[in-house]
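Dear colleague,

Please find the structure below for your records. A written account of the findings follows it.

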Amino acid sequence: MVIEKSIVRRYVILSVLASTLPVVAIGLLYDRFTGNALEQLLGDKISTHLTATANRLGAYVEARRYQIETLANYPGISGFASARKGETSDEVAALLQIESDLPDLYGILFFAADGHLQLAVPGQAASGPPYWADRPFATAGLPKTTLGETEIIGPMPATGGDSGWLLLRHPLHGRQPDQVTGYIALHVRLASLTEQLGANAAAGALQPLLRTPAGDFNTVGQAAVAHGEIIAGPEILPGWRPLLEIESMAILKSFALERRVLLIAALVSAALIVLLFYRLSRQLRQRIGLLLSGAKAISSGQLDHRIAEHGSDEIASVSHAFNAMSSKLKEHLERAVRLEKLAVLGEFASGIAHEIRNPLAAIKTSVQALARRESDPKRAQLLGEMEGEIDRLARVVSDLVDFGRPRPPAPGAVSVRELARRVSAIIEPEAQARGVHFSCQGNPDLELWADPDHLQQVVLNLALNAVQATPANGAVILRATTEQGRIAIEVKDTGCGIPAELLNRVSDPFFTTKTKGVGLGLSISRQLCELNGGQMTIDSAPGHGTVVRVLLPLPNPATPHQAPSCQAS
Amino acid sequence: MLFPLFFSKRLTDLLLATGRRAAWRVRLAISLAAVAWSIPGQARIEIGASPRTADATVGCMFPLAGRAAIYGRDSIAGMKLALADLATELPPGTAPKLRILVEDDRSKASVATRIAENFIARDKVRFLCGVVSSGVAQAVSRVSRARQVIMIGTDHASSRLTIEDFHRHYFRVSNDTYTSMAAGARYLADLQKTSGWRRLAFIGPDYDYGHIAWRDLEDAMASRGVRYEMAGHLWPRLYEPDYTAYIAELKAAKPDVIVTALWGGDFIAFLKQALSSGLLDKARLANFDTGGNFDVLASLGEQAPPGLILSARHHNNWPETARNRKFVDDFHRLEGRFPTYAAEGAYAGIRAIGQAMALAGTRAGNEQLIRTLEGLHMSLPEDPEGYVSHIDAETHQIVQAQAIGEVVPNSAFAPAKVMLGRWVVYRAEELQPPLDLVRSRRARARGDTASTAPPPIPIQ
């Protein structure tokens, strides 16, 4: 059967939508937020920041330029480098010492007119060349930027263990203003200039850089290669300008990461939900399919069909209810069939009995009369045997009558002790005659609710069958116990047992495996048992004996139990 | 030194505003005023014998204000202890009467040069001593060489002073960068075997001390065959107030080990920023020359950051000898606090002068004193049991052992809550520069080699 509008499918679709739509909505909001943040960061503030940075850098360069220009014009400076030892001016030397005693300066250098380095006045921060000659110091090849009369040479990037630097070199004039006798230069710490770039505007996202003719440098004076988007600030000198490297990935790093995580989370959760509901729907459909096929089987008469029960959920409960329903249905049907069968048989047997009983009585009377007059002992014996057979026929007929029209039960409390006593009294002689040990076990103080005559007849029937089916030296046990709120009367023998294929038929009317008897004993016993609201079961296996168990209700005078079938009978 | 800095930056702006013609005159006047201001009339501290009774006058220069002031104060206390010990430990009547003058060099070469010149010219000092910054010490050493006055360096460490810039009148009585970096290289080599570190970064102050510390470490690592990948060199200025940009660079470089030559207040400031920034979560920080100083350990409070590798020129809790305990206890009795390594350096300086004069005679000339100092043996607080420090005749550098440790909880030296422990000690003999290395460095500095290095530039 095809389900046109599966509620399971609809439930899956709705669940997926309900779980993914909010995530998508939050993701869109995040997108918008990051977009706005980026726009804000890249907006006017950057332009203002770059202008301010350019001003700081320009002011620093201008201060150094003014310093070197002032020194260059100081009397005695121009001849200081070329003065012979002992002829140098102490005053100039002191001034140079003070001027170079700054953490921003490595020292003050003097160059000859041809550019040859003449003299180095080390400052407090002096290190490496040219103050120590173990490594070369050269200005050749470094870019030059002109700022009025002053030249900016460099910057020289940091190499190995040496710091980066730049020179601000100013010409020294002789007596003639146009005559250049040499140069004086401030040996400036490059990092002191790049530190003017200031701290990162947004750490990790905006990297301030100084662009120079020798390359780009970061805040701590290290050569840097820009990878991100570059925003250039105003030029402070030809080829010199502050930059802001925007590492858009860095700006968006956290946002992008969160977005990615969000997206992955949404996809994973949606996939999980789809998978989960797909599996769930498959399971549901399979199990509902089983229910449907079970219902179909039952409707087609397969009352033995059982639906597999898994777990303890609603579907398992429905399956259980289905199975219980089919069991009950089968039981009712079987009982109805059996009752119908018994009713037909009973009516037939009653009719037969009625037709046979009266002639049989007449025959018996005639045979008795003949036997009284007969003097020949042989004939008298034959007549006696005839009378015995007539009695046996009469009992069969009586059984038939009882089977066809059972007496309605008159239930009352029956003492197990009394029942056992009576049965023992009857059975024990027969058992002894057959060499079978008969015993009563269980709780003799129990009482049960049944018609006493019916019950005695049932138990006698069962016990007699057991004794007859048990070979010599075997045992037959009559036991009474309480079982699930009812009284169980059990007759157990050590006989040959009943084959499985016959077990379902032994209580059918007229079925017997014995050479004597008409096969009504068990049928009548089952019939009487059911009339008294009881149940009879037979367990047997060839070679292991047979156990017949009769379950009957406990005494309950307030609500005497009477089986409906009994009333119907 | 704030004064010249103030004039150099602020005044330049003023000069820009007042016009160029008169500018140089204004600047000159202020510069000369600065020189004049920094010399006479400046507060000076005198300890020891009076001018009339003194056998010799010692002129010392230390910073007495600013970040490095603690070094000056501790040095003065150390010198007082040295005078007392000389009087009690030398045979009666042989201890020279020393008059010690101390002036604030403001960590400025120009100021220290002028002070030294005045010590020599006006106070007729027979010895110059002290100086914390190597940059300042080089300037004073040049005065010492020019004026042929013996200088006893107590607290600066650039190895150039005893190798490239060596002269007969200069002696140093505290471990230099060669010694500490030789010990550091050995420590790092051993550490590499256990931790497998590969990437090394160096951050040092941007003046000669920082750069020569790196060169010494680089050479020592090469001589030990330590293989590593250089993650970067960073050179913040001396007395840098904010290390944010440098720490960002270090974090970006992702080193396994960071070696620093920052010292004093600079190292404390750097360490605090490094700890708060998480820099040391993934890298070990080593400071082999000055990092184990008492003021650094006291600044850590109760923190004992794992991974810190420190040493210094003197430790209050190593070696555990009677002499070291006496020195630390005497200092604590005198000052009410525990000493930084500067105290022991200054103590050693005065001990060297006193013992040399006792041996050579109070009337001995410079040459005789120099010969006495060359090879002088003296027992000092930082000598481990069984070892006596001595001055190497070739370099005039004191030869001492070095102990490197890690930070461990220890409240025996209040206010410090942590001290160094888990010591690794390197013998003095293994930390001395080989003679051929000394000579080759001096030859390179003179331009004697066939390298492309230019000849030395005349320094005024």
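This is a predicted model: local features need pLDDT of at least 70, side-chain atom pairs count only at pLDDT 80 or more; totals for chains, interfaces and linings use all residues.

**An exposed strand residue in chain A**

E229(A) counts as exposed because it has 12 C-beta neighbours inside 10 Å. E229(A) is found in strand β10 of chain A.

Residues are numbered from 1 along each chain as its sequence is written, and chains are lettered from A and ligands numbered from 1 in the order in which they are written.

**The two chains in outline**

Chain A has 13 helices and 18 strands, and chain B has 14 helices and 16 strands. These are DSSP runs numbered from the N terminus: helices are H or I of at least four residues, and strands are E of at least two. Buried residues make up 34% of the 569 residues in chain A; in chain B, 54% of the 460 residues count as buried.

Contacts were also counted, two residues being in contact if their C-beta atoms, placed from the backbone, lie within 7 Å. In chain A, residues 24 or more positions apart account for 63% of the contacts with a separation of 6 or more. In chain B, 71% of the contacts between residues at least 6 apart in sequence join residues at least 24 apart.

**Sheets and helices of chain A**

Strands of a sheet pair through backbone hydrogen bonds, either parallel or antiparallel. Two strands are taken to pair if DSSP finds at least two bridges between them. The strand that holds E229(A), β10, belongs to an open sheet of 5 strands in the order β9-β8-β7-β11-β10, with antiparallel pairing. Strands β9 (223-224) and β10 (229-232) of chain A stand at the edges with a single partner strand each, so one side of each is left without a neighbour in the sheet. Within this sheet, β7 (residues 206-212) and β8 (residues 215-217) of chain A pair in the antiparallel sense over 3 bridges, and T212(A) stands opposite G215(A).

Elsewhere in chain A, strand β15 (residues 475-483) pairs with β13 (residues 437-442) in the parallel sense over 6 bridges, with C440(A) opposite L478(A). Strand β15(A) also runs antiparallel to β16 (residues 486-493), to which 8 bridges join it; there A480(A) stands opposite I489(A). The hairpin of β15(A) and β16(A) has 2 residues between the strands, and Q484(A) takes a positive phi near 50° in it.

Helices α10 (residues 452-469) and α12 (residues 521-531) of chain A pack at an angle of about 145°, with their axes 9 Å apart. Axes are lines fitted to C-alpha atoms, for helices over the stretch in contact, and angles run from 0 to 180 degrees between N-to-C directions. The residues of this contact divide into 6 nonpolar, 6 polar and no charged. In that division Ala, Val, Leu, Ile, Met, Phe, Trp, Tyr, Cys and Pro count as nonpolar, Asp, Glu, Lys and Arg as charged, and the others, Gly among them, as polar.

**Sheet and helices of chain B**

In chain B, 6 strands form an open sheet of mixed pairing in the order β1-β3-β2-β4-β5-β6. The twist averages 20° from one strand to the next. Strands β2 (residues 56-62) and β3 (residues 98-104) of chain B pair in the parallel sense over 7 bridges, and V58(B) stands opposite I100(B). Helix α4 (residues 109-121) of chain B packs on the sheet, touching β2, β3 and β4 (127-130), and its direction makes about 170° with that of β2(B). Helix α5 (residues 134-147) of chain B packs on the sheet as well, touching β2, β4, β5 and β6, with its direction at about 160° to that of β5(B).

The buried residues of helix α13 (residues 366-373) of chain B are L369(B), I370(B) and L373(B). What covers them includes β5 (150-153), β6 (170-172), α12 (341-360) and β13 (389-391) of chain B. Just after α13(B), G375(B) takes a positive phi of about 95°.

Yours sincerely

How values were computed: A residue is buried if 20 or more other C-beta atoms lie within 10 Å of its own, exposed if 12 or fewer, and partly exposed in between; C-beta atoms are placed from the backbone.
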